[in-house]
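Me: I have just opened this one and would like to walk through it with you. Could you help me find my way around?

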Amino acid sequence: MYKLKYLIIGAGGTGGAIGSHMAQAGHDVTFIARDRHLAAMKENGLRVSRPDGEFVIDPVSAYTTDEYINLCGGSKQTGEYTKPDVIFVCVKGYSIEDTIPFIRAVAGPDTIVIPILNIFGTGSRMQKELPDITVTDGCIYVASEIKEPGHIWMNGTILRVVFGLRKDQKQLDERLRPLLEKIRDDLCGSRIEGILSDNIERDCLRKFSYVSPQGACGLYYDVPAGAVQQDGEIRDCFAGLIKEISDLADAMGIGFGEDVVPVNLAISAGLSPDMTTSLQRDVAAGKASEIDGLIYEVVRMGEKYGVSLPLYEKISAELRKKLQ
């Protein structure tokens, strides 16, 4: 199979981590970025700091959406050549709608779109807006952020990308399996643990069972990860929120097959005690945040599936009053 062309929409903690490692491994990677981060990348490359070292991608292929559309809109030959084979969508949940017209403009009929977001169910929602393009689902395990424009800082070496077709897409498996396996292999050859999931709904909801309680607990109590690592009310709340997501998963017919409470507590125990979530940082800065998809949506899902979620309902109500 020929060398795949990867387009990364969003060059922050998620997209920057994925794209930089793939570019370092020699893959054809282009970033969509903006503002000072994009300017710094164009001028000095993209610097990535890991606990085990640092590397720089320079030069880096990075554009605004308009620049990339123009790049794809040249001659027919140029346009065909620049169509991406794979688009990783690595933006915040509240920016998804903004990516839809851009993806329509630049994707080819065989392009695979892989959303890598914290919000559960993003792929199926995007698929409705992009009926002529294959949109899978996906999630990521990484602790990273933009330290300053042009600089991605990773707080740990875990970098795992899980993706795959949903149950309603299984008819595409035979045709797309070679391409999906190639994507997985490209990830694995880039110091990324790439996992092609056979049950992506379960795997994404399992990731959600960690990131949603972590964000909800941290925001509600206004505490860093260290508070969850100590016995007491905050840790008990975190564990209770995880259990409520597990109950919701059972009601949805997506059983985890194990008790995820101790699993997620162990993940939290490995974090830097002073780490806060991007949700906390965005809310504190007065920016748009993923609070609707990470917290309020859980309450709506509980109502839909008839599941009692007292902790989520309490935290949701308190945060709505506090943040209105």
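Me: Let's begin with helix H10; which of its residues are buried?
Reply: Bearing in mind that this is a predicted model, the buried residues in H10 are Ile 234, Cys 237, Phe 238, Ala 239, Gly 240, Leu 241, Ile 242, Glu 244, Ile 245, Ser 246, Leu 248 and Ala 249.

Me: And what covers those buried residues of H10?
Reply: The cover includes helix H8 (200-221), helix H9 (225-228), helix H11 (260-269), helix H13 (291-305) and helix H14 (310-323).

Me: How does the span of H10 agree with its 19 residues?
Reply: Helix H10 takes in residues 233-251, and at 1.5 Å a residue its 19 residues should span 27 Å, which agrees with the 27 Å between its end C-alpha atoms. After the helix comes Gly 253, which has a positive phi near 80°.

Me: You mentioned H8 as part of the cover. Where is the kink in H8?
Reply: The kink is centred on Phe 208 and amounts to about 25°. From first C-alpha to last, the 22 residues of H8 reach 31 Å, close to the 32 Å expected at 1.5 Å a residue. H8 is itself mostly covered, with 18 of its 22 residues buried, and just after this helix Asp 222 has a positive phi of about 55°.

Me: Changing topic, in what order do the strands of the open sheet with S9 come?
Reply: The order is S9-S12-S13, an open sheet of 3 strands with mixed pairing. Strand S9 (137-141) and strand S13 (193-196) are at the edges and have a single partner strand each, so one side of each lacks a neighbour in the sheet. From one strand to the next, the twist averages 15°.

Me: How many bridges join S9 to S12, and what packs on the sheet?
Reply: S9 and strand S12 (residues 160-164) run antiparallel and are joined by 5 bridges, with Asp 137 opposite Gly 164. Helix H7 (residues 173-188) packs on this sheet and touches S12 and S13, its direction making about 160° with that of S13. H8 packs on the sheet as well, touching S9 and S12, and its direction makes about 35° with that of S9.

Me: Which strands pair with S1?
Reply: S1 runs parallel to strand S2 (residues 28-32), joined by 5 bridges, and Leu 7 has Thr 30 as its bridge partner there. S1 also pairs in the parallel sense with strand S6 (residues 86-89) over 4 bridges, where Ile 9 stands opposite Val 89.

How values were computed
Residues are numbered from 1 along each chain as its sequence is written. This is a predicted model: local features need pLDDT of at least 70, side-chain atom pairs count only at pLDDT 80 or more; totals for chains, interfaces and linings use all residues. Side-chain values use heavy atoms; hydrogens and water are left out. Two strands pair if DSSP finds at least two bridges between them. Helices (H or I, at least four residues) and strands (E, at least two) are DSSP runs, numbered from the N terminus. The expected span of a helix is 1.5 Å times one less than its number of residues. Buried means under 20% relative accessible area, exposed over 50%, partly exposed in between (1.4 Å probe, protein chains only). Contact means heavy atoms within 4.5 Å. The bend at a residue is the angle between axes fitted to the seven residues ending there and the seven starting there. Axes are lines fitted to C-alpha atoms, for helices over the stretch in contact, and angles run from 0 to 180 degrees between N-to-C directions.
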